[in-house]
Structure formats: C-alpha cells, structure tokens
Amino acid sequence: MVKRYTSQAYKAADDMVFGKSVYPVKSELGLEVGAGYVTAEVNYAPRPEAGVSKEKLVSEYRRLTTDILARAVQIGFPAISLETEHVEQMTNNPTWGGEIAHVQKTILEEYHEEYGIKCGLRHTPGDIREDRDLLALIGPKYDKLMESFEAVADGGADFLSIETMGGKEILDYSVLRNDVPGFIYSIGCLGGMDMEMIWTDIRKIADKKGRIAAGDTDCAQANTAMFIAGGLLDKNLAHTLAIIARTIAASRTLVGYEAGAQGPGKDCGYENTIVKSITGCPIAQEGKTATCAHADVMGNLTMQVCDLWSNESVEYHGEFGGTSVQCWSQTLSMDAALMNVATETGNAKLLRDMFMLSDRYRDPQGYILAYDNAYKIGSAIVKDGNDLYLRAKNAAIETVNLLTAADNKKLVMSKFELNALADAKAALEALTDETDTFMSDCLEKYKAEEPRFKPEANYKF
Amino acid sequence: MDIDPSKILVRYNVQKEKAQTPEELAAEMYPKEEPARTIAAAIFDGEEDDVIEGLEKAIEGGADAIKLIDDVLMPGMKIVTDLYDQGVIFLPNVMMSADAMLEGIEFCKDQSGSVPKPKGKVVCHVAEGDVHDIGKTIVAALLRAAGYEVVDLGRDVPVDEVIAAVKKESPMMVTGTALMTTTMYAFKEINDRLLESGMKVPFQCGGGAVNQDFVTTYELGIYGEEAADAPKMAAAILSGKGLAQLKEMFHKH
Ligand code: B12
C-alpha cells in the first residue's frame with residue numbers, strides 16, 4: 001500500500017505560481033525544474049519514413065537533438081529540456097529506446113560542457129500493453145515496458161514518464177454514453193489501481209539507476225474526452241462532462257506521486273494544476289504552443305503554474321524558419337523568458353493572473369482549471385484522500401458545484417452544457433457512499449456491457 | 001483580479017443555440033399515431049425498456065414484428081440522427097438511442113423468428129498499426145442506426161484481413177479510419193489489392209490524420225470528413241451513385 005495524500009502542499013491557491021514548486025527536481029546536467037524559473041520542454045516525432053530501421057531512427061533523433069541545442073545557444077537560452085515520446089518500435093525493442101536516449105544525452109553533454117547550458121532529457125516509453133482486442137496490463141508486455149524504462153535510464157534519460165492506459169476500455173465505452181459513474185470507475189478507480197502498480201515499479205528503476213520518476217498524464221482518458229468534446233461548435237460531448245472527466249483524472253494522476261513519482265508531471269496532463277496543488281511537485285504543461293499537435297480551448301491558462309512549458313509534439317521537418325523543432329523550441333523558450341522576466345521583476349502573480357483570465361471564461365474547462373478553482377478541486381480530493389472512489393467522486397461533485405455557482409454573466413454556458421451538467425449532478429447524487437458497493441456494482445455492469453473488460457487479468461480483482 | 005470577458009472572447013455555441021430545446025424539436029417530429037409516437041420518444045430518450053414495452057403492445061395489438069422495424073424503429077431513429085446532423089443534439093444521445101433501437105430490432109427478430117433484410121452491408125476497420133478506434137466506433141454505430149449491417153473488423157487490422165473480409169462479405173462499401181500519418185498508407189495498399197482482385201468497392205476513409213488530398217491519390221478512395229458522412233454515402237450508393245459521383249458529393253475541393 002502506498003501513502004495517500006490527505007492534505008495539500010500549498011496553504012492557499014495564491015501561493016502557486018509558474019516556475020516554482022515546493023519540491024524542485026534536478027537533472028544531471030544542472031537543470032532544476034520548479035526551482036524559480038520556467039524552461040522549455042521540446043517535443044517531437046520522427047518522420048514516418050524514419051521508423052523503418054533502428055539506424056534511421058537514431059539518426060533522426062541525433063539530427064533533431066542537435067538542431068534544438070544549436071538554436072538554443074544561438075538565441076541565448078539558459079536552459080532547455082527535451083522529451084522523447086517513443087514511437088512503438090522504441091519501446092518494443094528496449095535497446096532502440098536506450099540507444100536513442102544515449103545518443104541524445106551525449107549531444108546534451110557536449111553542449112553543456114561547451115556552453116554551460118542547463119539540459120534535461122525526458123523519455124516516455126509508449127504504453128504498449130494493448131493487444132489488438134484488449135488491454136493486457138499485466139504480463140509479458142508489462143515486463144517489456146519495464147525493460148524499456150531500464151534501458152532509457154541507462155541511456156541517460158533524467159526524467160522517466162509514461163502515459164498509462166489503465167481503465168481505458170471502460171472510458172471508451174462510457175464517454176460515448178454520458179456515463180459519469182463510468183468516468184469515476186474507469187479513470188478514478190481502474191486507472192488509479194493500474195497507476196499504483198506501474199509507478200511503484202518505475203520508482204524502483206529510477207532509484208536503482210539514479211534517475212527521476214517524473215510523472216504520468218491521463219492522456220488516454222481525460223484527453224480523449226477533451227478531444228471528443230472538441231471546439232465550441234462540436235457536438236460530440238458536452239464540455240461540462242469533459243471537465244468532470246478531467247478533475248476525476250487529477251485523483252488518478254495523483255496516484256503516480258503516491259507511488260513514488262516526483263515530477264515534472266507530463267505536459268498533456270491538463271489536470272496537473274490540481275495535482276500540483278496537492279503534491280507541490282513541478283509540472284510540465286502545454287497550451288497555445290501545442291497547436292502544432294491539437295486544438296484546445298485553454299492556450300494561455302495552462303501557463304499559469306507550469307514549471308516546464310511544452311509543445312506536445314511536432315513532426316520533424318523543415319519550416320521557413322529552420323526545422324520544426326527549432327521553431328517550436330524558440331517559441332517555447334521565448335514564452336519561458338517572458339515568464340522569467342515576470343518573476344525577476346516581481347510581476348509573476350500578475351502575469352499568472354493574466355494568463356488565467358485569458359481563458360477562464362472561454363469554456364467550462366478553463367473555468368475549473370483556473371488555479372483558484374483547481375485548488376478547490378484539490379481540497380475535495382484530499383478530503384477523502386485514502387479512498388480512490390470517494391476522492392474521484394468528490395472531484396466530480398466539486399466540479400459540478402463550482403460550475404453551478406459560477407457567475408453566469410461571465411461563464412456563459414449553452415443549454416446543452418447546462419443540461420449535461422444537470423444530468424451529471426443527478427447521476428452523482430444517486431451514487432453510493434460505499435466504495436465496496438460501487439466497485440461490485442460497476443464490475444457487474446461493465447463485465448456485462450463491455451467484452452473487452454478483463455478485470456481479473458488486468459486489475460487483479 | 002477579474003475581467004468582463006465579453007471583449008476578449010465569444011461563446012459562439014451559446015449564440016448559435018436554437019431557442020427550442022432538443023426535446024421540443026424532437027416532439028414536433030414524432031409520428032402522430034400510436035404506438036409509433038411512444039416508441040419514437042423512447043428511442044429519443046435512449047430508454048431500451050420503454051422501446052421494448054411499446055413494441056410488445058404493438059405486437060399484442062396485431063402489428064407485424066418485422067414490419068415494425070421499418071415502419072417504426074427506423075423512422076424513430078432517423079429523428080435522432082437528423083437532429084444530430086442539424087447540431088441540435090450531441091453524439092452520446094445518438095449512441096444511447098442507437099443502443100435502444102438495436103435492442104428493439106433484436107426483440108422484433110426474436111418475436112417473428114425471421115431475419116429482416118438489412119439495407120446493405122458495410123465493412124468497417126481501423127488501419128493496421130493504429131489503435132485509435134473511437135471514430136470507427138461512431139461510424140459503425142451511425143451506420144447500424146441507419147439500418148445497415150456492419151461487419152466491424154475492429155482496430156489494427158492487417159490489409160490481408162480487410163481483403164479477406166471484402167471477399168467473404170461482398171459489402172456495398174468499406175470504411176477505413178486512421179489517426180496516424182504512419183498508418184494511413186495502408187489504405188493505398190487496400191485500394192491496390194481490391195483493384196487487383198477486381199473488387200471495385202467504394203472505400204470511404206476518414207480519421208484525424210486523413211485528408212482529402214491523400215484519399216484522392218487512390219482510385220477507390222472517398223474522403224469522409226465526419227462520421228455522419230458514412231450513412232450518407234451508403235444512402236448515395238443505394239440510390240445508384242458511382243465512384244465519380246460519390247467523389248463529387250463528398251469531396252470539398
Ligand atoms: C484519444 C487518443 C489516443 C487514445 C486512443 C483511444 C482509442 N480507443 O481510440 C490512446 C491513448 C490509446 C492513444 C494512443 C496513441 N496515440 Co493518440 N491520440 C488520441 C487523440 C488525443 C484523440 C483521438 C480521438 O479519439 N479523436 C476523436 C475521434 C472521434 O476522432 P476521429 O477518430 O478522427 O473521428 C472523427 C472523424 O475523423 C470521423 N471519422 C473517423 N473515421 C472515419 C471513417 C469514415 C468512413 C468517415 C466518414 C468518418 C470518419 O468521425 C469522427 C467524428 O466525426 C489524438 C489527438 C488528435 N489531435 O487527434 C491523439 C493522436 C492521434 N495520437 C497520437 C499518437 C502518437 C499516439 C501514440 C503513438 C502515443 C504513444 N507514444 O504511445 C499511441 C498510438 C498507439 C497506436 N499504435 O495506435 C498522435 C498521432 C500523430 C501521428 N503520427 O500522426 C495524435 C495526433 C496526438 C499528437 N498530436 O501527437 N491516443
């Protein structure tokens with residue numbers, strides 16, 4: 001059993017600011033994350049043609065890493081961090097991922113030695129525990145995944161991350177059916193259980209190899225909900241429901257830290273503001289700089305309390321201003337410079353609030369993730385911190401309460417969003433307070449409705 | 001610090017919203033006579049039990065179970081998909097209505113012991129190497145809801161398997177979904193293999209990574225922007241449209 005969070009690291013929401021965390025972490029090459037300054041975290045994907053052989057992939061990563069570092073010193077940035085999200089071959093063949101980490105780290109070392117630039121390297125193996133027809137969370141794929149973590153840690157990756165998929169088979173079902181109890185079960189309970197298993201093991205590897213178990217994101221579920229919800233005019237999921245999935249995800253992503261993660265949390269975890277309010281650990285975030293990868297309704301707000309600032313992913317190719325990774329790393333680093341100016345001149349909280357207000361009323365999602373409300377969600381989670389079901393349910397209820405209480409002249413919601421919210425409220429009010437009852441009811445229901453659900457094999461029921 | 005947001009953003013979704021609620025709009029579209037009206041309302045609400053109850057009553061009253069499918073269940077579902085097309089209701093409502101309607105069809109089949117003739121057969125799949133299957137699930141649900149038989153091959157489907165399924169099932173059309181630029185090239189291969197075997201089946205392709213420019217590079221390909229285009233294309237095929245006409249209908253430029 002892990003030790004659960006039953007209180008928050010910050011006494012007040014206003015204490016949270018970008019670039020600073022309660023428990024900073026340090027990379028091998030001098031980058032301190034959350035120690036008072038924000039740093040760019042550059043993300044990239046190899047071109048499809050590069051995936052055909054190990055040699056081609058290694059050379060693709062060698063080139064793009066060099067490009068990023070070259071640009072960073074040309075423009076005079078004091079620090080830079082890189083994230084390599086594995087393509088499937090790199091995780092399924094652990095030596096590939098390991099070699100690429102090594103090649104990248106060697107380049108970072110050369111630049112660090114020559115220019116003193118502070119560098120960090122994150123590797124994110126893919127969650128390969130999915131067969132064609134079902135999730136296979138435990139078994140040979142899990143062992144392979146752990147081998148991959150060992151290999152990238154050996155190769156020199158400072159920060160170990162993953163985007164795990166526990167619970168996704170149920171979320172995929174419930175997200176198309178407005179099934180809020182299903183969100184709690186899939187994200188909060190099943191996701192939480194899988195997180196505890198995997199992050200306990202990642203931490204062991206990190207300790208053994210002298211690396212940092214960084215953090216996870218509920219990409220597989222809360223981002224699926226966010227993307228299906230889409231823009232203002234999309235008609236696939238109410239944004240009020242997408243944000244409920246998101247706040248439940250905070251409870252789930254928190255489990256990683258309970259099992260040993262130390263930050264920086266993963267960029268696409270839009271639940272990270274809530275998580276940071278509880279753990280005090282640094283977080284990466286993405287927003288307007290991730291428009292190369294996807295569109296969402298919170299481009300500035302997500303900068304409010306970030307420690308690393310990311311672009312999610314961009315294919316490596318040429319642009320008019322250099323290669324794509326150079327263009328994006330420069331944009332990210334300039335954003336970081338602006339935030340760091342605010343810090344140096346005593347204006348950090350002012351800038352934070354401007355970022356936040358730019359998106360606070362754009363959408364129910366931004367409203368809840370605004371740091372003051374996010375903090376309140378954090379409080380609701382830790383209130384029943386010892387129980388994965390109750391705390392996820394608390395997060396959902398607090399979300400509904402905050403949205404209901406919002407000033408409807410400022411946060412204007414459509415009838416459709418309000419109806420979905422009312423339905424969610426009714427579903428939440430009908431939920432039991434007994435964890436065992438909830439768990440056994442859901443087990444029965446989803447076993448009957450979702451053939452891909454393998455509770456014994458995947459969650460050791 | 002706070003702000004009056006009206007100068008910095010516009011909630012276009014709120015502005016655009018119809019004055020009438022979806023329930024009111026649906027009620028206007030329900031058939032007048034019973035039990036069709038009650039069953040249509042139950043489909044709209046996604047209430048399976050009410051759908052079955054309505055069907056039971058209708059059958060007790062002498063209605064033919066198989067005819068109920070075409071005369072009552074399908075038109076009831078069409079109200080839902082029409083409202084979705086108009087942007088009045090959201091996808092989960094369609095999914096729940098489709099679940100309820102499909103239960104109704106199963107019930108009618110059991111009652112009559114015979115199998116109704118579907119409008120046509122469609123093979124759906126997600127490209128090899130790609131596990132992103134939510135879009136495909138939506139496509140399959142909308143096709144079923146519109147009365148087509150769907151052979152859902154699932155995700156990460158090897159080209160061979162798609163070809164084998166087309167040979168076996170002789171579908172009126174095939175759909176492909178790909179969300180990764182790395183996986184969508186399988187569609188070209190499927191196209192070539194189908195042509196080699198002389199099977200000129202319209203092949204509608206969509207999903208995040210796919211765009212019209214890519215799809216027009218292979219003969220059988222027709223681009224599908226959104227899931228609702230799949231039943232629309234199936235209907236167009238039924239009405240006799242050939243490849244060239246389908247491209248004209250579904251290609252934007
Ligand atoms: C949800 C998601 C996931 C989920 C998938 C859950 C599931 N069961 O599907 C999970 C977490 C599993 C996942 C995994 C991965 N993902 Co992913 N994922 C996404 C995300 C966020 C949303 C996709 C989605 O579901 N959209 C909603 C659905 C409804 O949209 P849709 O499928 O396009 O369908 C709509 C239309 O296109 C249309 N449609 C679809 N098909 C068809 C067919 C026809 C005939 C018609 C008419 C219409 C039609 O209908 C739908 C609605 O109208 C996207 C982000 C993005 N920008 O798209 C990334 C994204 C697709 N993933 C990406 C990546 C890289 C991955 C991983 C490799 C990550 C990793 N390192 O492990 C793995 C891939 C594993 C694999 N081998 O496939 C990249 C792909 C980049 C690329 N190479 O092109 C994206 C673009 C994210 C990014 N910006 O980097 N992912």
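**Chain B, close up**

Modeller: Of the contacts in chain B with a separation of 6 or more, 72% join residues 24 or more positions apart. Contact here means heavy atoms within 4.5 Å. The model is predicted, so local features need pLDDT of at least 70 and side-chain atom pairs count only at pLDDT 80 or more, while totals for chains, interfaces and linings use all residues. Residues are numbered from 1 along each chain as its sequence is written, chains are lettered from A and ligands numbered from 1 in the order in which they are written, and side-chain values use heavy atoms, with hydrogens and water left out.

Chain B has 253 residues, and 51% of them are buried. Buried is under 20% relative accessible area, exposed is over 50%, and partly exposed is in between (1.4 Å probe, protein chains only). The C-alpha trace spans about 65 × 55 × 30 Å along its principal axes. The chain holds twelve helices and five strands. These are DSSP runs, numbered from the N terminus: helices are H or I with at least four residues, strands E with at least two.

Take α8 (residues 159-169) next. Val159(B), Val162(B), Ile163(B), Ala165(B), Val166(B) and Glu169(B) are its buried residues. They line one face of the helix, because they fall within an arc of 160° seen down the axis of α8(B). The arc is taken over the directions from the helix axis to the C-beta atoms. The face turned away from that buried side carries Asp160(B), Lys167(B) and Lys168(B), which are exposed. The cover over the buried residues of α8(B) includes β1, β2 (149-152), β3 and α9 (186-196) of chain B. Just after the helix, Ser170(B) has a positive phi of about 40°.

Now α12 (residues 243-250). Its buried residues are Leu243(B), Leu246(B) and Phe250(B). Their arc around the axis is only 60°, so they sit on the same side of α12(B). Ala244(B) and Glu248(B) are exposed on the other side. The buried residues pack against β4 (203-206), β5 (221-223) and α11 (229-238) of chain B.

What about the ligand? It lies between chains A and B. Its shell counts 38 residues, the closest being Asp172(A), Val131(B), His132(B), Asp133(B) and Thr177(B). A residue belongs to the shell if one of its heavy atoms lies within 4 Å. By class, 13 are nonpolar, 17 polar and eight charged. Ala, Val, Leu, Ile, Met, Phe, Trp, Tyr, Cys and Pro count as nonpolar, Asp, Glu, Lys and Arg as charged, and the others, Gly among them, as polar.

The cobalt atom of the ligand has a single donor from the protein: NE2 of His132(B), 2.2 Å away. Donors are N, O and S atoms within 2.8 Å of the metal (3.2 Å for Na, K and Ca); water is not among the atoms, so sites may look incomplete. His132(B) sits in the loop between β1 (121-126) and α7 (134-145) of chain B.

Polar contacts are pairs of N or O atoms within 3.5 Å. A polar backbone atom of Val131(B) is 2.8 Å from an oxygen atom of the ligand. For Ala227(B), a polar backbone atom is 3.0 Å from an oxygen atom of the ligand. From the other chain, a polar side-chain atom of Lys168(A) lies 3.1 Å from a ligand nitrogen atom. Among the elements giving two or more residues to the shell are α7, β3 (173-177), β4 and α11 of chain B.

Conventions:
A polar contact is a pair of N or O atoms within 3.5 Å; within protein, one must be able to donate a hydrogen and the other to accept it, and residues adjacent in sequence count only if both atoms are side-chain atoms.
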